[in-house]
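User: I am new to this structure and would like to go through it by question and answer. Please show it first.

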Amino acid sequence: MPRIPAFILSISLLALAPVRQVAAQQAASPPSANQQAAEPQVKVNMLNVCSPSADEQKEIASALARVPKQPLFGDDFEVTRGRSTLTDMPNFLQPGKGTHIAGEPSVASYVRIRREFSVQALFSSVQYSFSNDGQNMVETLVLHVRDPKDLIEVSLEDSASSVTSSEAMLGANNPASRVRLERFGKSSVALARCLAAEGGPAPDQSAYEPLFRSASDVLANYRRLMGVSIIVPEELAKISGESKPKAAPRPKILRPTEPKK
């Protein structure tokens, strides 16, 4: 095997030294602006539903004030009922200390009512939904803006433990527990009743009582306008009737015919 002269090896090692230094500098240096631009950026917006800012409070108050108290409904409407399997608990239900949440999927019966507004109204339609999964009953009222430029929709929600009938809950006019504004090209704005954290007191939300009261008035008004106290119990009763197995028809008893005389 031919021997490689020592001076050639030394030259080769000297030539590789700058390459190692450049590689080490590139590994230690932070990524350039072009590299950062090429990498996808993930932006997470956290909603402060317990204590929105002053500007967000003004937006909520303005949106609630623009909801018509005596709307002119069009001829189009829709009433639907059904049953759905819930694998995850809705994010607007915040369990308290005594709340039991089953790990298995629950089945909820629901009723939806939709009405169309007249052409001159700011909102194009309003949808009311009522759901009952055997443990919680949830009401949701959503008003869709006709020409969304900044505001897209206004959503009001409330919930109650299913310890009584739907008639009793609808007749009690439960106050709204959550207000949410969906905005065009911006993050949502929300306000919700917040429960006490473990080992701590409940947050002071007395400053937001006017907003909760305004949202509750809107929800109570549209309960009456859309006739939910009559429609919802009737539709839920139909769902219960559809879920019961139908009795098999009784077999006909064939009697022997008497011979003709």
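The questions below go from the chain as a whole to single residues.

Analyst: This is a predicted model, where local features need pLDDT of at least 70, side-chain atom pairs count only at pLDDT 80 or more, and totals for chains, interfaces and linings use all residues. Residues are numbered from 1 along each chain as its sequence is written, and side-chain values use heavy atoms, with hydrogens and water left out.

User: How many helices and strands are there in the chain?

Analyst: Helices (H or I, at least four residues) and strands (E, at least two) are DSSP runs, numbered from the N terminus. From that end the elements run α-α-α-β-β-β-β-β-α-β-β-α-α. The chain has 6 helices and 7 strands.

User: Is Ser188 buried or exposed?

Analyst: Ser188 is in the loop between strand S6 (178-183) and strand S7 (189-192). Buried means under 20% relative accessible area, exposed over 50%, and partly exposed in between (1.4 Å probe, protein chains only). Ser188 has 11% relative accessibility, so Ser188 counts as buried.

User: With which side chain does Ser188 make a polar contact at 2.8 Å?

Analyst: A polar contact is a pair of N or O atoms within 3.5 Å; within protein, one must be able to donate a hydrogen and the other to accept it, and residues adjacent in sequence count only if both atoms are side-chain atoms. The side chain of Ser188 has such a contact with the side chain of Arg180, at 3.4 Å. At 2.8 Å, the partner is the side chain of Glu182.

User: What is phi of Asn173 near?

Analyst: Most residues other than glycine have a negative phi. Asn173, in the loop between helix H4 (166-172) and S6, has a positive value, near 55 degrees.
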